[in-house]
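Me: I'm new to this structure and would like a close look at one part of it. Could you pick a spot where helices pack together and walk me through it, then show me what else sits around in the fold?

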Amino acid sequence: MTSADPTSAQNSLAMAVLNAVQNPVILVDAAGLISFANWEAEAFFGASASHLARYRISTFIPFGSPLLELIDQVRERRGPVNEYRVDLSSPRLGQDKLVDLYVAPVVSEPGSVVVVFQERSMADKIDRQLTHRAAARSVTGLASMLAHEIKNPLSGIRGAAQLLESSVEDEDRALTRLICDETDRIVSLVDRMEVFSDERPVDRVAINIHSVLDHVKAIAKAGFARNIKISESYDPSLPPVYANRDQLVQVFLNLVKNAAEAVGDRADGEIQLTTAYRPGIRLSVAGSREKISLPLEFCVHDNGPGVPEDLVPHLFDPFITTKTNGSGLGLALVAKIIGGHGGIVECDSQANRTTFRVLMPVSKALAPEDLTAEQSMGSLS
């Protein structure tokens, strides 16, 4: 029996590692041919590694792309180069291909360079999410001010209107009733905003997210979504999430209600609830070197008309709404609750397909060593 070739074993391990990386990675040889592409690169370019290997890199990227200059620059300098926000959009690669590039020489292969692509979409969404959290904090201060400075005088106005109601003519009572109704409406709005100023710690435990989603579905089917198809696609092996059950119910009830309103009365309207484990997303903690892994993905999809493109970046800001009588606080509250749990929420929208995606950490009940391998692969900082 002959022993295994150590070089072959090392090559196999290297291939496995590169294929586990969640960013596209290619090797461009001295002739400009793509001599290696990992699985993510195959998906990025829409072609197999064997197909890519037959062509030069210039075949697949837009004419005049900065990437070609970067490759030449790395060969000349024999040192790595980073370039941010490079647009590779083309009919071949598709639209919205905005990437960060890392190009480095391969010392053992003169003229060859490694190119790593990091698509900007997820990084930009996390940047927006941090902005949403700041916006929620601004609402917190506004809510506290409103509670003290507005509710007290409103109480006086309502009391005066009630006193007038007993002494005015019948035809004028409609006006006093209008004053009372509008006062109650403002108080209700302020009460909703007071939720933002509640900074008390919440009780959290390990929760099966599927029980939460099933509960939300039951509520929806008994009320606002009784005529809408709601389907599920769950990962049954998903670990528990460390969260407050009532707050998660509030979050997903809000998202499902928004989806139901988007679908409306269309005959083929459908809402889909999905869960998945997506290792690789990590969020830095302000003021420390700690990074929180967010591998749990919970989505609410609908086939409504979609969110206007100019509204998507501001969707979780307070007072932003597409509804005629909406207050614009529902999604801001969702962002606050999920942010308070150490997660992020984002929206992808196009015609007939809108997805609200919640990314959250795993329950702290799981031992750190159980997650180390998954969290370390292709992390996004």
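Reply: H9 passes H10 in a left-handed crossing, and keep in mind that this is a predicted model. To find the pair, look for helix H9 at residues 245–263 and helix H10 at residues 330–340. Their axes come within 10 Å and cross at roughly 145°. So who's touching whom here? From H9 you get Gln247, Leu248, Gln250, Val251, Asn254, Leu255 and Asn258. Facing them in H10 are Gly330, Leu331, Leu333, Val334, Ile337 and Ile338. Sort the H9–H10 contact by class and you count 8 nonpolar and 5 polar residues, with no charged ones.

Now for the sheet. Its 5 strands line up as S2-S1-S5-S4-S3, the sheet is open, and the pairing is antiparallel. Going from one strand to the next, the twist averages 25°. Zoom in on S3 and you'll see 5 bridges joining S3 to strand S4 (residues 98–105), with the two running antiparallel.

Definitions and conventions. Residues are numbered from 1 along each chain as its sequence is written. This is a predicted model: local features need pLDDT of at least 70, side-chain atom pairs count only at pLDDT 80 or more; totals for chains, interfaces and linings use all residues. Side-chain values use heavy atoms; hydrogens and water are left out. Axes are lines fitted to C-alpha atoms, for helices over the stretch in contact, and angles run from 0 to 180 degrees between N-to-C directions. Helices (H or I, at least four residues) and strands (E, at least two) are DSSP runs, numbered from the N terminus. A crossing is left-handed if the near helix is turned anticlockwise from the far one by less than a right angle, and right-handed if clockwise. Contact means heavy atoms within 4.5 Å. Ala, Val, Leu, Ile, Met, Phe, Trp, Tyr, Cys and Pro count as nonpolar, Asp, Glu, Lys and Arg as charged, and the others, Gly among them, as polar. Two strands pair if DSSP finds at least two bridges between them.
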